[in-house]
Amino acid sequence: MRILFDSRQTQYKTPFGTLRTGECCVLQIRIPTEVGASGVRLMLENSEHAVCAELPFSFASRGEDGYELWRLEFTRQETGLHFYWFRIDKRGGGSFRLFRQGSDTNMEAGEKWQLSVIPADFRVPDFAPGAVMYQIFPDRFARSGSCDLTCKLQPFWVHESPDELPEYRPDAQGEVRNNDFFGGNFAGIREKLPYLQELGVGVLYLNPIFMAWSNHRYDTADYRRPDPMLGTEEDFRTLCDAAHARGMRVILDGVFSHTGSNSVYFDAKHVFGHGAASDPNSPYRRWYRFHHYPDDYEAWWGIRTLPCVEELDETYLHYIIEDEDSVIAHWLRLGADGFRLDVVDELPDEFVRRLRRRMRQIDPQSLLLGEVWEDASNKRAYGVSRRYFVDGELDSVMNYPWRNAIVAFLTDADDGTALGESLMTLAENYPPEVLSCVMNHLGTHDTPRILTVLGEPFRGTKDERAHRRMTPVQRKTALMRLRMAAFLQFTLPGMPCIYYGDEAGMEGFEDPFCRVCYPWGHEDEELRAYYRMMSALRGSSEALRRGDLRVLAAGNGRIAFSRSIGGERVVVCVNHSIGEWVLPAGRVRFAESAAPSPTGEVVLMRGGFCLLEPSTPEAHISIE
């Protein structure tokens, strides 16, 4: 007989997942009578794994099934990331430790359980939970008219046709300059708002728009100016006003861990005057870490065009955050509704806290989202446990863990077991409010196109990858998998984020091939219609937009999970196995490759998936 405790079941732990300060947490553990337990203690550790509290359980009852029930109620008044395990004392002396082993327990070896205590007053913006997001790489999405390029940083050149490939080959000095443009602009995005509204989009996320030298614009030249190729401040304001009129919000990319070397602030090329590298008395000199002035300085990942900044320098904090017309205030007042923080793990917690506080002072409904590639709840960066959630720093994060798990499942690297575990791990570790608006992407500007990932294992040279396209057979397989991936994306908690053109069937390997122009007039119309259908399905269900998540079955190429809120409960089932999958009878709200059985059950064929309302709440779903 095993000692029974499962943190994901309410009979053992309530509430599920994170705890708010002052909120009562109830733990119950069932121990076989034959163990002879005389006491049970909760051993609570801090983020550095030092024991910070020992809390004793009370004996509750002894059942006829051979188990004793022990119970603990406790609260925590301070926020923080905690790990816990149990010490069980035995009658007659001695004790042993109890750890986690999967969903079971194990004596003296295993993992610890995690418990995050978050602020009692933590909230996310009302518009974010369940909204559909659309990510735009501004230079490559849409172009309308022309912009005044008088102040555009030189040298640059503009492609003649959107059908051309971005420049990927190094120049004579062996560098890829990223100074080729296609001319996408604010007016082009504004012109496509009706299309985005038809797609069901509620949040636009724009890659950097600040003035910069490169086409990706992660090398900021001036935080207070839009890049001339995109348009003017008034063009941006007009875009935001038009988006708001259609019920859409606009999120900007905030790149605050470094600037460009060719910038107002650093001025390595002596273009602007009074930058840190061009003027020893520059007001920006203290923002940078010079090892030898002016040519040896700390740069982001050693890239000399991206000098790092001292984020906690008070003049920098005031310029970006605190001043009346700080960078944050400037763009929020122009119409932006929030920021995505680039490489947030390289920004100090204090910087992020102050930024979110200032944003909320200006606009209580603004959203702050962070770029995190791992489980953000227990992320460690540079030897420090980050406090994104326990200090209420971020409303949302990018969800690479689920993206990677979905890809592994659909490319046969996982039979669904790891996907199910990934889903429940984040559901348990993230605050419910964060999970409701986590950025669920399948592709981004930093990854190959999802269609290519799902259908093309090619690993040739960069020049070969530049021109490589899938065969019809590969593309058919990739499209089938993408439909399943998008179905999962749109039925999971969070904000499903479409990377521009994924809905049009775009292919492409890594940067810059994942950043080619949107193929206006050459889209996969069937796939676009499918994405519109997914948005409509999500919009028709409160459970899909805001409901909780419980994995019901995972393995053997199959996964099923439920989404519930109030009186609405739906079950999502995906069959990636080679055989049929018989599901309980119920109302089918959406299905592909599914059919009813003579006895009323739902049968999913190979590659089938469905959204189901089971006839009875107790309906059992088996993956066997």
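The model is predicted, so local features need pLDDT of at least 70 and side-chain atom pairs count only at pLDDT 80 or more, while totals for chains, interfaces and linings use all residues. Residues are numbered from 1 along each chain as its sequence is written, and side-chain values use heavy atoms, with hydrogens and water left out.

**Overall build**

- The chain holds 15 helices and 33 strands, which are DSSP runs (helices H or I with at least four residues, strands E with at least two) numbered from the N terminus.
- Along its principal axes, the C-alpha trace spans about 85 × 60 × 45 Å.
- Of the 624 residues in the chain, 58% are buried, meaning under 20% relative accessible area with a 1.4 Å probe and protein chains only.

**Pockets**

- A pocket is an open set of points on a 1 Å grid over the protein atoms alone, where a 1.4 Å probe fits, with protein on both sides within 12 Å along at least five of seven lines; its lining residues have an atom within 4 Å of a point.
- The largest pocket has a volume of about 1100 Å³, taken as the space filled by probe spheres set on grid points that are joined across faces, edges and corners.
- Its lining has 38 residues, and H216, Y218, W300, I303 and L306 lie nearest the centre.
- The second largest pocket, with a volume of about 550 Å³, is lined by 27 residues, of which P162, D163, C517, Y518 and P519 lie nearest its centre.

Note on methods. Buried means under 20% relative accessible area, exposed over 50%, partly exposed in between (1.4 Å probe, protein chains only).
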